[in-house]
Amino acid sequence: MILCSDPHAQFLAHQDAIEAAIARVLHSGRYILGPETQAFEREFAQFTETAHCYGVANGTDALLLALKACDVSTGDEVITVSLTASATLSAIRQSGATAVYVDIEPKSYTLDCELLEQKITTRTKAIIPVHLYGHPAAMEQILEIARKHDLYVIEDCAQAHGATLDGKPVGSFGDLGCFSFYPTKNLGALGDGGAVVSNDKALAERVGLLREYGWAQKFDSSVHGWNSRLDELQAAILREKLPLLTQFNNTRAKLADKYHRGLAGLDLVLPTVRQRCSHVYHLYVIRLANRDRLLDYLKKKDILAGIHYPIPVHLQAAYRSTGDDLDQSEAICDEVLSLPMYPELGDRIDEVIAAVQEFYQDQ
């Protein structure tokens with residue numbers, strides 16, 4: 001069977017180093033916010049070309065703490081997209097703010113900057129662009145509009161570790177950048193984990209305050225805070241993988257190129273990359289009108305594709321919004337299909353390509 005993503009394969013490929021890192025933590029006697037977390041924070045800040053990094057419990061908390069560091073609260077509005085994981089909206093809801101949706105560009109699947117400014121009101125406090133599937137959003141235009149209206153920009157980088165625009169890593173553009181280290185991510189832990197990065201010292205330090213009860217010093221809460229800490233085991237595992245992340249991303253790009261060549265000419269839409277961007281292919285997402293038929297066809301051949309995402313967030317009961325013009329987001333959700341994509345896929349990608357080609361031959 002070929003999985004859509006396979007974190008276990010990556011563990012097996014690097015088992016000795018990962019188990020040594022785990023043993024190092026177990027014997028250290030330090031399990032929360034110890035030297036492994038501190039070292040990872042320094043190393044990940046360097047990787048993202050930011051001055052500050054704080055490890056947190058997961059990617060959703062990263063977004064929530066970033067919003068709260070910007071004093072986003074009840075009565076505020078936060079602009080984002082509807083084609084995203086519900087985690088983005090969960091964080092906005094938890095902050096007390098109201099989400100305002102902007103439609104996406106039909107090629108990059110990221111926020112359409114041409115529609116952004118018309119969504120800004122006197123209550124708008126922040127914008128959360130999502131670097132979806134590993135493709136950077138149009139940060140230059142987003143920042144220009146945000147600065148014009150004095151808005152915070154919080155990057156959702158959960159699917160884009162190492163993606164760049166003009167050679168600059170995502171996460172380093174906005175006021176704060178938020179990452180998830182869920183096991184299937186380009187940089188994945190063996191459990192939950194997340195981080196917030198920033199070049200703004202005051203905002204970053206506020207995230208550090210909020211992640212641990214608002215303690216300015218131990219047992220003394222200066223502000224209301226949370227319990228959201230990256231544990232030492234996950235930090236140690238991430239430290240072993242981080243030096244390999246560029247290699248992992250390069251392998252994903254090579255696999256994507258193989259998909260490009262093998263699927264060219266078929267009646268489907270392949271991923272494209274905006275000029276000056278690097279795509280890290282967290283997911284390799286194609287579009288086709290008869291998506292569900294191909295999904296079932298591949299499953300019968302023990303190839304498990306995925307759908308990211310089947311329902312745009314604004315149509316989900318928890319975050320429903322009416323009256324929005326989100327035609328692109330709604331149309332894409334009926335057509336997108338994520339083919340298997342992970343560095344350890346190797347030559348088995350040929351089986352996936354052959355199966356897709358056979359599907360079209362059988363039509």
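**Figure 1. Lining of the largest pocket in the predicted model.** By class, the lining of the largest pocket comprises 13 nonpolar, 11 polar and two charged residues. The structure shown is a predicted model. The volume of the largest pocket is about 410 Å³. Its lining holds 26 residues, of which Ala85, Ala158, Gln159, Lys185 and Tyr309 are the closest to the centre of the pocket. Helix 4, helix 5 (86-95) and strand 8 (176-180) are the elements that supply two or more residues to this lining.

Figure 2. Helix 4 spans residues 59-69 and is mostly covered, with 10 of its 11 residues buried. The buried positions are Gly59, Asp61, Ala62, Leu63, Leu64, Leu65, Ala66, Leu67, Lys68 and Ala69. The N-terminal end of helix 4 is capped by asparagine 58, from which a side-chain oxygen lies 3.1 Å from the backbone nitrogen of threonine 60. After helix 4 comes aspartate 71, with a positive phi near 60 degrees.

Figure 3. Serine 228 belongs to the loop that runs between strand 11 (220-221) and helix 8 (232-241). Serine 228 counts as buried because its relative accessibility is 1%, and the cut-off for buried is under 20%. The side chain of serine 228 makes a polar contact of 2.7 Å with the side chain of aspartate 61, a buried residue of helix 4. A polar atom of the serine 228 side chain also lies 3.1 Å from the backbone nitrogen of alanine 57. With neighbours within four places in sequence left aside, the residues in contact with serine 228 are Gly55, Val56, Ala57, Asp61, Leu65 and Arg211.

Figure 4. The largest nonpolar core contains 33 residues, and Leu83, Leu111, Leu116, Ile127, Tyr133, Met139 and Ile142 have the most contacts inside it. Strand 2 (77-81), strand 3 (98-102), helix 6 (139-148) and helix 11 (327-333) are the elements that give two or more residues to this core. Helix 6 provides the largest share, five residues. A second, separate core has 30 residues, including Ala62, Leu64, Ala69 and Ala204. Of these, Ala62, Leu64 and Ala69 are among the buried residues of helix 4. In soluble globular proteins, nonpolar side chains tend to be buried together.

**Figure 5. Contacts of methionine 139.** Methionine 139 is one of the residues with the most contacts inside the largest nonpolar core. When residues up to four places away in sequence are not counted, methionine 139 touches Pro129, His131, Val153, Glu155, Leu165, Phe173 and Gly174.

**Figure 6. The two cavities.** Across the whole structure, two cavities of 30 Å³ or more are found. The largest cavity holds about 70 Å³ of space. Ser5, Asp6, Pro7, Gln10, Pro183, Thr184, Lys185, Arg252, Tyr342, Pro343 and Glu344 line the largest cavity, a set with four nonpolar, three polar and four charged residues. Lys185 is also one of the residues closest to the centre of the largest pocket.

Technical notes
Residues are numbered from 1 along each chain as its sequence is written. This is a predicted model: local features need pLDDT of at least 70, side-chain atom pairs count only at pLDDT 80 or more; totals for chains, interfaces and linings use all residues. Side-chain values use heavy atoms; hydrogens and water are left out. Helices (H or I, at least four residues) and strands (E, at least two) are DSSP runs, numbered from the N terminus. Buried means under 20% relative accessible area, exposed over 50%, partly exposed in between (1.4 Å probe, protein chains only). A polar contact is a pair of N or O atoms within 3.5 Å; within protein, one must be able to donate a hydrogen and the other to accept it, and residues adjacent in sequence count only if both atoms are side-chain atoms. Contact means heavy atoms within 4.5 Å. On a 1 Å grid over the protein atoms alone, a cavity is a set of points where a 1.4 Å probe fits but cannot get out, and a pocket is an open set with protein on both sides within 12 Å along at least five of seven lines; lining residues have an atom within 4 Å of a point. Grid points are joined across faces, edges and corners, and a volume is the space filled by probe spheres set on the points. Ala, Val, Leu, Ile, Met, Phe, Trp, Tyr, Cys and Pro count as nonpolar, Asp, Glu, Lys and Arg as charged, and the others, Gly among them, as polar. A nonpolar core is a set of buried Ala, Val, Leu, Ile, Met, Phe, Trp, Tyr and Cys residues joined through side-chain atoms within 4.5 Å.
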